[in-house]
Amino acid sequence: MSLEEGGTPLVGAPFLSERTGCDVYLKVEGANPTGSFKDRGMTVAVSAALEEGAKAVVCASTGNTAASAAAYAARAGLRGVVIVPEGKIATGKLAQALMHGARVIALRGNFDQALELVRELAKRHPIALVNSVNDYRIEGQKTGAFEVCEELGEAPDVLCIPVGNAGNVTAWWRGFQEDGVRPRLHGYQAAGAAPLVEGAPVEQPETVASAIRIGNPARWEDAMSAFTGSRGEVRAVTDEEILEAYSLLGSREGVFCEPASAASVAGLLRYGAEGRVVCVLTGHGLKDPQTAMNRAASVIPCEPDIEQVETAVMGGG
Ligand code: F0G
């Protein structure tokens, strides 16, 4: 099952390079078929589910896994069922899951509770669980590391990556290890949802970056060994820092990512790094139009009259 995922752009970031004194690149994972890195793992997980004779795939999700699972399930002719925290997922992701024909369940609870429930469900029924606790997901997602090393001709010095359920950082580390390289992995969590930084689960995680609103990551141990093994770090960034990086990426680098993705750049800006740095922009900005509209300048209304158009175009001054 493939939608031709992967092979995403690695673009230089002149503004960020100048600002940080590093050689910064952006790995634009929003260019995947459903607009996030999840597709790299979902192609493998859904192919395996099909081979194993599953009739349905299920996941808990903050939105992107749901959109991806729904698309690949549709393609495979499998039933897709996704459980998301009610009112806490971005509009675009919800539209995707529904358009791909998944059954979408809005849980009156958070992601961590949803994950616990689907794990129990998958024990009781012949349904394939396609969250990143499924090792096929990790095997697919590790290809991001291969691509970056191939394109740069060597490993970067530092990889900056947002961390939620901690599957992606686990995957990138596995990819680098298989390539025999050891860049520092710098993981960033939102300050209101930073269990790995605090060293304990967070009961009620909160952040504007809804994709990483997670209080008890499933890949906790794997992520911590990635940070230790790579001589990296896991740090927190505030919502304000995330939104600032989000705006800056759009207005200065011409790259529109979703808020959670901007945590990688927020972390780089706050904590710094050295050498050649790759920031993983995990999902497309179009996923979350609401946060963009809340944040951006307003549109300028105008009558179809040349004087008025002139004033509007020239900025009224
Ligand atoms: N960035 C985005 C845009 C995400 O959607 C996620 C996770 C992450 C970063 C963090 O990756 O969980 O592997 O550490 N989204 C999951 C979901 C939880 O359900 O879509 P992670």
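In the predicted model, valine 265 touches Leu16, Leu26, Ala245, Leu249, Cys279 and Leu281, residues up to four places away in sequence being left out of the count. Valine 265 is also listed, together with Leu16, Leu26, Ile242, Leu249 and Cys279, among the residues with the most contacts inside the largest nonpolar core, which comprises 32 residues. Two or more residues of this core are contributed by each of strand S2 (23-28), strand S7 (158-162), strand S8 (184-190), helix H11 (239-253), helix H12 (259-271) and strand S10 (276-281). In soluble globular proteins, nonpolar side chains tend to be buried together.

Valine 313 is classed as exposed because its relative accessible area, 61%, lies over the 50% cut-off.

With regard to domain organisation, the domain assignment of the protein gives a domain 1 made of two segments, 10-36 and 141-294, and a domain 2 covering 38-136. The centres of domain 1 and domain 2, taken over C-alpha atoms, are separated by 23 Å, and 29 residues of domain 1 are in contact with 26 residues of domain 2.

Note on methods:
Residues are numbered from 1 along each chain as its sequence is written. This is a predicted model: local features need pLDDT of at least 70, side-chain atom pairs count only at pLDDT 80 or more; totals for chains, interfaces and linings use all residues. Side-chain values use heavy atoms; hydrogens and water are left out. A nonpolar core is a set of buried Ala, Val, Leu, Ile, Met, Phe, Trp, Tyr and Cys residues joined through side-chain atoms within 4.5 Å. Buried means under 20% relative accessible area, exposed over 50%, partly exposed in between (1.4 Å probe, protein chains only). Helices (H or I, at least four residues) and strands (E, at least two) are DSSP runs, numbered from the N terminus. Contact means heavy atoms within 4.5 Å. Domain bounds come from an automatic or database domain assignment.
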